[in-house]
Amino acid sequence: MDTVVDLDTALFEGLCRMGDSTLVLGHRVSEWCGHAPVLEEDIALANMALDLIGQTQLWLGLAGEVEGKGRDADALAFRRDVWEFRNLLLVERPNGDFGQTLMRQFLFDAWHQPMLKALEGSNDARIAEIAAKAGREVAYHLERSADLVIRLGDGTEESHKRMQTALDNLWPYTGEMLTSDETDRALAEAGIMAAPDSIRPAWESLVGEVLGEATLTAPEGAYMHKGGNQGTHSEHLGHMLATMQWLQRAYPDATW
Amino acid sequence: MVSEAQVWDWLSEVPDPEIPVISVTDLGIVRDVSVEGETVVVTVTPTYSGCPATSVINFEIEKALRDQGVADVRLERQLDPPWTTDWLKPEAREKLRAYGIAPPIDGTRAEGVVEGRIKRLTGAALVVPCPHCGSEDTQKVSQFGSTPCKAAYQCRSCLEPFDYFKCI
């Protein structure tokens, strides 16, 4: 392949991929606030959303700096259209029931943690320090989501059924996060970011172990959707952004 | 012209907005203080990246210094190395306990799913003593408590719920 990838453009893309995934998942998880099945879970979900939004500020803040066009994290979060978002398709899936929310969280956390671990080794100190900071928080997310997937998967007949349904529904969105495109490869070759396919062994081993203990079975030979990290999204993201962005769109630069 | 030691001293009086019994220096989030001519530069590190107290803390620090007559204050953020609960001062741990929050138990931050489960299944799970009655017969209710930095626990002896300031 002779396509020349401009590294600065690739870096902006790469940072948006991280920041948009944490932003969209953070917003999705925050939709549970006040609606979770029990108070403790409500609080836990809101706290995880907070971590994810905090990480978004760091990733998108750096993306804006790298881009050099005067856009800060808020401008990137609230003033871009759906096709400019680079998040994984998995995180824009609707919350569904509590089981689907947890399964989505686990499948993402199992990717997020090894990805951050790899990014800690970035030769760009700004990326390494964000990854080190976020990694400590995400270790708790993963511990919690893996525990709950096991408890509910290996739980009652009803909880098992719901977790298996969630897994079947979400599995086709997991291929994308373990596949690299030329932007990923250019950044990985330059030692700046980690290629998603390098995360695959860690992800597969952890997910396999947890699903086994949870007595859940991943569908075989499922079709894998892709395109989120290049801006091709499902209709769900547009609806989410309409809610998330409306205030900044209706009243740009509003303060209170 | 103020000295750096004087500034540290003033900062030791600035309470954490969410846990007012400890100060920002007890918490270990003030990384550096320097005086550059007329400007006092305070370098602060966030506890959690999404901690909503961060902006309030910056505001409180600036206000405290202005109240002492420092006109020119600059706050800088430093992420690296990431803040950890190991940086809580020893006396801060006692203040937390007296306030009803179990202080972090060193060396117990989340390492990984597999390691964590092995510990729990082999009975080597973390024991967090109740800050109220001291009993070790306590149970975790949720990984997250009233803030991201805490987990929710309950004591099975005195039945009181409490927060545990977890290791990060």
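Colleague: What strand order does the open sheet in chain B have?
Modeller: The order is β4-β7-β6-β5, four strands with mixed pairing. Strands count as paired if DSSP finds at least two bridges between them. Strands here are DSSP runs of E with at least two residues, helices are runs of H or I with at least four residues, and both are numbered from the N terminus. This is a predicted model, where local features need pLDDT of at least 70 and side-chain atom pairs count only at pLDDT 80 or more, while totals for chains, interfaces and linings use all residues. Residues are numbered from 1 along each chain as its sequence is written, and chains are lettered from A and ligands numbered from 1 in the order in which they are written.

Colleague: Which strands stand at the edges?
Modeller: β4 and β5 (138-142) of chain B. Each has a single partner strand, so one side of each has no neighbour in the sheet.

Colleague: And β7(B), is it mostly covered or open?
Modeller: Mostly covered. Four of the five residues of β7 (161-165) are buried. Buried means 20 or more other C-beta atoms within 10 Å of a residue's own, exposed means 12 or fewer, and partly exposed lies in between, with C-beta atoms placed from the backbone.

Colleague: How many bridges link β6(B) to β7(B)?
Modeller: Five, in the antiparallel sense, with β6 covering residues 150-155. B:Gln154 partners B:Pro161, and B:Lys150 stands opposite B:Phe165.

Colleague: Then how does β4(B) run against β7(B)?
Modeller: Parallel, over two bridges, with β4 at residues 101-102. B:Ala102 has B:Tyr164 as its bridge partner.

Colleague: What about the hairpin of β6(B) and β7(B), how many residues sit between the strands?
Modeller: Five, and B:Leu159 takes a positive phi there. That phi is near 70 degrees, in a residue other than glycine. B:Leu159 is exposed, with 10 other C-beta atoms within 10 Å.

Colleague: Which peptide bond is cis?
Modeller: One is the bond from B:Asp80 to B:Pro81, with omega near -5 degrees. B:Pro81 lies in the loop between β3 and α3 (90-99) of chain B.

Colleague: Step back to chain B. How many helices and strands?
Modeller: Four helices and seven strands. Along the sequence they read α-β-β-α-β-α-β-α-β-β-β. The C-alpha atoms fill a box of roughly 60 × 30 × 25 Å along the principal axes. Of the 168 residues, 36% count as buried.

Colleague: What domains does the assignment give for chain B?
Modeller: Domain 1 is 4-77 and domain 2 is 90-165. Those bounds come from an automatic or database domain assignment. The centres are 28 Å apart, taken over C-alpha atoms. The contact between the two takes 10 residues from domain 1 and nine from domain 2. Contact means C-beta atoms, placed from the backbone, within 7 Å.

Colleague: New topic. How many residues from chain A and chain B are in the contact?
Modeller: 27 from chain A and 20 from chain B. On the chain A side, α2 (39-67), α6 (125-153) and α9 (200-213) each give two or more residues. The largest share, 13 residues, comes from α6(A). By class, the chain A side has 15 nonpolar, three polar and nine charged residues. Nonpolar covers Ala, Val, Leu, Ile, Met, Phe, Trp, Tyr, Cys and Pro, charged covers Asp, Glu, Lys and Arg, and the others, Gly among them, are polar.

Colleague: At what angle do helix α1 and helix α8 of chain A cross?
Modeller: Roughly 110 degrees, with the axes of α1 (7-30) and α8 (182-189) coming within 9 Å. Axes are lines fitted to C-alpha atoms, for helices over the stretch in contact, and angles run from 0 to 180 degrees between N-to-C directions. The two helices are therefore roughly perpendicular. That label covers 65 to 115 degrees, while under 35 is roughly parallel, over 145 roughly antiparallel and the rest oblique.

Colleague: Which residues of α8(A) make the contact?
Modeller: A:Thr183, A:Ala186 and A:Leu187. From α1(A) come A:Leu7, A:Ala10, A:Leu11, A:Glu13 and A:Gly14.
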